[in-house]
Amino acid sequence: MNAALHALADAAGLCRAWEDAAGRARIVDDGALRAILTALGLQTHTPAAIEAARRACAAADAIPPPLATAEAGMACRLPAGATLTLIHEDGDEHVVTVPADGCTRAPVRPGDWRYVWHGRTQTLAVAPTRCFGVADALGIPAPRAWGVGLQVYGTRAVDDGGVGDAAGVLDWAQRVAAAGGDALALSPVHAARPPGGLYSPYSPSDRRFFDPVHAAPALVLGDDTVRALCAALALFATDGADADLVDWPAAAGLRWRRLRALHEARDRLPETACAALTQFEAAGGSALDAFAKHAAADFGDDDPSLHRFAQWLAAGSWDVVQDAARQHGMGLGLIADLAVGFDPAGAEAAACPDAVLQGLELGAPPDAFNAEGQVWGVTSYAPSALRRQGFAPFRALLDATMRGRGGIRIDHILGLMRLWVVPRGAPSSAGAYLRCPLDDLLNLVALASWRHRCIVIGEDLGVVPPGIRDTLARRGVLGIDVLPFTRDTDGAFLPPSRWRREAIATTTTHDLPTLAGWACGRDLDWRLRLGSLAPADQRVQRQARAADVAALDAACAQAMGTTGPTAWRAFVAASPSPLALLPAEDALDLDEQPNLPGTVDTHPNWRRRLPTPDASLDAALAAFDRARKCP
């Protein structure tokens with residue numbers, strides 16, 4: 001019976017054998033396989049049920065999907081022995097006679113090619129060989145662009161009510177552009193469910209839409225219009241505006257009161273604004289309507305019109321910031337962050353229930369930084385369901401996220417190859433990898449990237465499967481080289497010249513210590529305080545950290561001729577990467593990190609507000625710009 005169970009797991013896409021972060025071979029136990037298979041809707045209680053489930057998986061795989069993908073000019077599969085007329089989305093035709101084995105070459109022209117087979121219209125999505133790149137965006141062959149990574153909620157603006165918004169981001173965009181930067185990489189701004197005491201931008205309700213909490217209505221309606229309306233309605237409360245931590249329920253509550261009041265006063269808006277709202281609602285169609293209805297129920301206001309209005313203000317706010325960034329000289333402008341999953345009770349899950357992994361949550365197996373692994377509380381799309389639906393949910397998501405942006409960061413891009421899935425309520429150790437159609441998904445990413453002229457960055461950190469970085473690089477997806485991890489096999493820090501040319505370079509990420517925090521062991525202090533690190537272990541790790549700091553200084557002294565935090569930033573800037581990102585926390589020399597993985601309510605995750613930008617920030621950005629120009 002075990003052999004039959006293992007055969008079913010393989011047919012369902014589960015990887016029974018895998019390799020952990022230390023390179024050790026691991027095997028998923030049968031109990032975990034049964035629980036995951038059951039969550040996938042496959043019965044395992046008897047040998048007959050297992051065999052029936054295996055046959056059902058095989059039969060589903062045999063059904064041609066309504067959409068297949070191919071790389072331009074490369075091998076693809078079409079109906080064997082058929083002579084087909086492929087019609088491009090712009091009307092051009094391409095006739096192909098498919099050999100008896102069904103293997104032929106795709107057209108060299110990217111785009112959607114439709115054909116009719118046995119009375120059914122099928123689509124072949126032909127992708128460019130690689131994604132739109134930084135060189136394409138800037139029009140130069142070997143770019144050395146740079147930008148800043150910014151937590152949106154942490155920015156500050158006049159009367160922001162205690163949480164960052166597009167107006168605060170606009171200030172940063174202008175400062176970065178003035179210093180010579182080309183990009184501003186944002187934390188996720190996906191639509192969220194009503195915030196309780198805890199909040200994470202990586203647990204969204206719907207990634208296709210925006211969180212109106214971060215809208216800046218004055219950017220869309222004009223400052224005079226918004227000030228007049230808010231003054232008439234006494235909506236200029238600023239409690240919490242000067243706080244160092246975001247009070248999510250209070251700040252979101254204030255923001256929604258303002259949005260509701262503006263919506264109720266929409267008949268007093270300028271005619272041009274009313275016309276733009278009408279056009280936005282028409283363009284959003286059924287997807288926007290369904291989202292608005294779900295959000296109205298979720299927020300308990302029973303007012304879908306409010307949520308369509310709020311989406312219009314949010315989308316318009318970010319469009320204004322992107323336009324301003326480009327007008328100020330940025331070659332890329334805003335880089336959006338696409339979270340790996342979504343809330344199983346949110347609007348995105350409700351929009352495509354047949355495509356969602358039900359009863360399973362995403363996470364990560366144990367690694368060097370998370371000994372117990374992680375369970376993120378979000379779900380995603382089932383690979384088999386995506387295929388049956390012609391990848392429609394994934395394509396819609398890419399279009400929504402890339403539209404009007406200079407770039408996209410795909411969180412946990414390893415999930416395009418495999419997802420660590422865990423039965424809801426179980427620990428990470430009860431999980432297994434679920435295979436995903438990497439080639440199909442990368443084809444669709446590349447096609448969308450060129451359509452939107454949007455670069456693609458993939459977070460390729462954690463337990464990295466062999467070969468995937470080479471695959472991503474070949475397709476033009478930039479990886480991420482992070483200073484603490486970019487080392488030689490002996491642990492020594494790699495000199496900038498040996499960093500990857502197919503990756504962005506950065507000093508740190510939101511899940512890691514800032515440079516200042518790393519140097520002083522601030523993260524170790526937190527772990528000791530929270531009881532996840534014993535005093536003896538902390539002493540050992542502090543000694544190791546001191547050795548790492550000394551090793552980095554030695555590497556900087558050899559490569560840069562100087563040491564210390566300024567040299568560390570310059571060390572990263574000197575990499576041959578086409579794009580280097582300096583997180584705002586490191587530009588400001590802060591010692592606290594935005595998120596401490598493995599904690600929920602014991603550390604102020606996703607709450608820290610940034611200091612108001614000043615001349616010291618401008619000096620740090622100017623120094624980073626010089627280091628990029630003089631490697």
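# Briefing: strands, cavities and a pocket

Strands β16 and β17 (residues 374–375) run antiparallel and are joined by two bridges; strands and helices here are DSSP runs, numbered from the N terminus, with at least two residues (E) for a strand and at least four (H or I) for a helix. This is a predicted model, where local features need pLDDT of at least 70 and side-chain atom pairs count only at pLDDT 80 or more, while totals for chains, interfaces and linings use all residues. Residues are numbered from 1 along each chain as its sequence is written, and side-chain values use heavy atoms, with hydrogens and water left out.

**Around β16**

- Glu-361 has Val-422 in β19 as its bridge partner.

**The eight-stranded sheet**

- Eight strands make an open sheet with parallel pairing, in the order β21-β18-β15-β12-β11-β24-β23-β22.
- β21 (455–458) and β22 (479–482) are the edge strands, each pairing on one side only.
- On average, neighbouring strands are turned by 25 degrees against each other, direction ignored; axes are lines fitted to C-alpha atoms (for helices, over the stretch in contact), and angles run from 0 to 180 degrees between N-to-C directions.
- β18 (residues 407–410) runs parallel to β21, with four bridges between them, and Arg-409 stands opposite Ile-457 in β21.
- Helix α5 (residues 166–178) lies across β11 (145–150), β12 (183–186) and β15 (333–338), at about 150 degrees to β12.
- Helix α21 (residues 615–629) packs on the sheet too, touching β11 and β24 (579–583) at about 145 degrees to β11; contact means heavy atoms within 4.5 Å.

**Cavities**

- Searching the whole structure turns up six cavities of 30 Å³ or more. On a 1 Å grid over the protein atoms alone, a cavity is a set of points where a 1.4 Å probe fits but cannot get out, a pocket is an open set with protein on both sides within 12 Å along at least five of seven lines, and lining residues have an atom within 4 Å of a point.
- The largest cavity holds about 360 Å³, a volume being the space filled by probe spheres set on the grid points.
- It has 24 lining residues, and Gly-149, Arg-409, Thr-508, Thr-509 and His-510 are the closest to its centre.
- β11, β12, β15, β23 (503–506) and β24 each give two or more residues to that lining.
- The second largest cavity, at about 240 Å³, is lined by 20 residues, with Val-340, Ser-380, Phe-394, Gly-415 and Leu-416 nearest its centre.
- α12 (383–388) and α13 (392–402) each supply at least two residues of the second largest cavity's lining.

**The second largest pocket**

- This pocket has a volume of about 660 Å³.
- Among its 25 lining residues, Ala-12, Asp-61, Pro-383, Ser-384 and Ala-385 are the closest to the centre.
- α12 gives the largest share of the pocket lining, five residues.

Conventions: Pairing = 2+ DSSP bridges.
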